[in-house]
Amino acid sequence: MTHSDPSFPPELLLVSNDPPGIRCNRNLAAALEIANRFKVTIRLLPRSTAGADARAPAVYVGGKVITAHGDARNGVADAALLATALEQAGVPRQDKPGRLAEIDPAVAAFTAAIGEVPK
């Protein structure tokens, strides 16, 4: 099965800085939360391998930019934004929620520990 196979659901692509900062880590935390609700392939690509013109952080679903450094969201996607994009792309939901859904307070603590995105 290849990425161009139409039966293969769109992937969630995260482009991160080298090394990842607060915004990149927030995107990764949101992706982990989403993986427990959607059957989606998640790929993390360091900016250094994404190409000279790549913006980071950036989030793509099925090749469509959801947010990138310099736009209104400044490259930060939360789980709600990712869920909306995945639903619009037709990505199927998990048959049942993953374990992360069962430990919601721990997830909130993890996200808080990453830190707030500077304004």
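In helix H1, the buried residues (under 20% relative accessible area; exposed is over 50%, partly exposed in between; 1.4 Å probe, protein chains only) are Arg-23, Cys-24, Arg-26, Asn-27, Ala-29, Ala-30, Ala-31 and Ile-34. The model is predicted: local features need pLDDT of at least 70, side-chain atom pairs count only at pLDDT 80 or more, and totals for chains, interfaces and linings use all residues. Residues are numbered from 1 along each chain as its sequence is written, and side-chain values use heavy atoms, with hydrogens and water left out.

The protein has four helices and four strands. These are DSSP runs, numbered from the N terminus: helices are H or I with at least four residues, strands are E with at least two. Along the sequence the pattern reads β-α-β-α-β-β-α-α. Of the 119 residues, 34% count as buried. Contact means heavy atoms within 4.5 Å. Among contacts with a separation of 6 or more, 73% are between residues 24 or more positions apart.

The four strands form an open sheet with mixed pairing, in the order E2-E1-E3-E4. Strands count as paired if DSSP finds at least two bridges between them. Strand E2 (42–46) and strand E4 (64–68) are the edges, and each pairs on one side only. The twist averages 20 degrees from one strand to the next. Strand E1 (residues 12–16) and strand E3 (residues 58–61) run antiparallel and are joined by four bridges. Leu-12 has Val-61 as its bridge partner in E3. For Leu-13, the partner in E3 is Tyr-60. Tyr-60 also stands opposite Val-65 in E4. E3 and E4 pair in the antiparallel sense over four bridges. They form a hairpin with two residues between them. Gly-62, in the turn, has a positive phi of about 60 degrees.

Helix H1 (residues 22–35) touches E1, E2 and E3, and its direction makes about 160 degrees with that of E1. Axes are lines fitted to C-alpha atoms, for helices over the stretch in contact, and angles run from 0 to 180 degrees between N-to-C directions. The 14 residues of H1 should span 20 Å at 1.5 Å a residue, and its end C-alpha atoms are 20 Å apart, which agrees. The expected span is 1.5 Å times one less than the number of residues. Helix H3 (residues 79–88) lies across E1, E3 and E4, running at about 25 degrees to E3.

The largest nonpolar core has 17 residues. Such a core is a set of buried Ala, Val, Leu, Ile, Met, Phe, Trp, Tyr and Cys residues joined through side-chain atoms within 4.5 Å. Leu-12, Ile-34, Phe-38, Val-40, Val-59, Leu-82 and Leu-86 touch the most other members. E1, H1, E3 and H3 each give two or more residues to this core. H3 provides the largest share, five residues. Apart from this core lies another, of six residues, among them Leu-13, Leu-45, Ala-56 and Ala-68.

Ile-34 lies in helix H1. Ile-34 counts as buried because its relative accessibility is 0%. Leaving out residues up to four places away in sequence, Ile-34 touches Val-40, Ala-79, Leu-82, Ala-83 and Leu-86. Ile-34 and Ala-80 are 46 residues apart in sequence, yet 8.7 Å apart in space, C-alpha to C-alpha.

Thr-67 is found in strand E4. With a relative accessible area of 0%, Thr-67 is buried. Its side chain makes a polar contact of 2.9 Å with that of Asp-71. A polar contact is a pair of N or O atoms within 3.5 Å; within protein, one must be able to donate a hydrogen and the other to accept it, and residues adjacent in sequence count only if both atoms are side-chain atoms. Beyond neighbours within four places in sequence, Thr-67 is in contact with Ala-58, Val-59, Arg-73, Asn-74, Gly-75, Val-76 and Ala-77.

Backbone geometry deserves a separate note. Most residues other than glycine have a negative phi, and most peptide bonds are trans. Asn-74 has a positive phi, near 55 degrees. Asn-74 lies in the loop between E4 and H3 and is partly exposed, with a relative accessible area of 28%. A cis peptide bond joins Asp-18 and Pro-19, with omega about -10 degrees. Pro-19 sits in the loop between E1 and H1. The bond from Ala-56 to Pro-57 is also cis, with omega near 0 degrees. Pro-57 is placed in the loop between helix H2 (47–50) and E3.
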